[in-house]
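Subject: Structure for you to look at

Hi,

Here is the structure I promised to pass on. Please open it alongside this email.

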Amino acid sequence: MEKTKLRKLLINAVKILVSVALLYFVFKKIPFRDVAKLWSTVNVFYVILGAIFFLASQVLSTKRLEFYLNSNEFNLDFRSNLELYFLGMFYNFFIPGGIGGDAYKVYVLNKKFGWSAKKITSALFNDRLSGLLAICVLILIFSAFLFEIQWVLLMIALIIIGIGIAYFLTKKLFSTYIPIFFKTFSLSIFIQLLQVICFFLIMKSLGVNDDFTIYTVTFLGSSVLSLISFAGIGVREMLFLQASKYFNFNPSISVSASLLFTVITAFFSFFGIIFQLRKLNLKLTEK
C-alpha cells in the first residue's frame, strides 16, 4: 500500500513539474502581459455562454458514468452521483498530490455501500475509455476537413477500425458493458462536442471568427495529451503554441483561450468543496 501511495505521489509530482515546465516555456515565447491584455478585451457574454456548455458536458458525463454503474447493478441516485462527480473534479484539480478523483469515488462507494472496488474501478475505467475513443474519432472527423479527399477515405477507415477494436476489447475484457457500448459512446461524442462549443465560444469572446477547424483539432488533441500533465495545464498551451508555427492563427489568442478554458474548469471543480464541507449523503435510486 505504501509503495502504491509513493508511486502515485511521484506520478503526480512529475505531472506538476511537466505543467510548470511547459507553462514556463510558453510564457518565455508569449509574455503573460500579452495574455492579460487580451483578457481585458474579452466579451464576457461568450465566456459565460461557454461556461454553460462546459457545465452541461459535466452533467452529461455524470449520466454516462451512471450507465456504467447501473450495468453492475450499482444504482446510485443521480443527484448523489452528480455531487460525487464534482467532488472528484475538486480532488483532481485542487489536490494533485493527494487521492485522485476516481480513487476517491472508489473509496467512498465501497465504504458506503460495500460495492466491489474492482467493479467500480472497471466502470470508471470504461467511462474514461469511452471519452477517449470519442475524442480520437472527433479528431479524425474534424481533420478530414483539412486534407484532400484521398486522406478522408483513410480517416473513415481508421474511425471504423478504431470503434471495432474498442468494441472487441470491451467484449473480451468487460462484457458487462457491451449492452451500453454504443449508447455511452454516442453520449461521449455529444459531451466532447459540448466542450468544443465551449472552446469555440471562448475563441469568439477573444474576437476569433475563422480557422475554427484547426483550433478544434488542436483543442481535442490537447485533451488526449493532457494525461501527461496536471489537469492538462501546460500541454494545451504548448500544443497551441507549436501548432501556430504550421497554421495561420495567432498564438497569443489561442494560448489565452486555452487558459480561459482552464479557468472555467477550475471554477466548476471548486464547487466540489461544497459537497466536501457539508458531507456527502449518498442515496440509491428508489425502485
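Below is what turned up in it.

This is a predicted model, in which local features need pLDDT of at least 70 and side-chain atom pairs count only at pLDDT 80 or more, while totals for chains, interfaces and linings use all residues. Residues are numbered from 1 along each chain as its sequence is written, and side-chain values use heavy atoms, with hydrogens and water left out.

Let's begin with helix 3, residues 44-71; helices here are DSSP runs of H or I with at least four residues, numbered from the N terminus. Its 28 residues should span 40 Å at 1.5 Å a residue, and the end C-alpha atoms are 41 Å apart, which agrees. The expected span is 1.5 Å times one less than the number of residues. At the start of this helix, a side-chain oxygen of N43 comes to within 3.1 Å of the backbone nitrogen of F45.

Just after helix 3, E73 has a positive phi of about 65°, although E73 is not a glycine. E73 sits in the loop between helix 3 and helix 4 (78-94) and is exposed, at 67% relative accessible area. For reference, buried means under 20%, exposed over 50%, and partly exposed in between (1.4 Å probe, protein chains only).

S222, in helix 9 (residues 212-225), is buried at 0%. Beyond its neighbours within four places in sequence, S222 is in contact (heavy atoms within 4.5 Å) with V235, R236 and L239.

Finally, F147 lies in the loop between helix 6 (117-143) and helix 7 (149-173), and is partly exposed at 44%.

Best wishes

Note on methods: Helix = DSSP H or I, 4+ residues; strand = E, 2+ residues; numbered from the N terminus. Polar contact = N/O pair within 3.5 Å; in protein donor to acceptor, adjacent residues only side chain to side chain.
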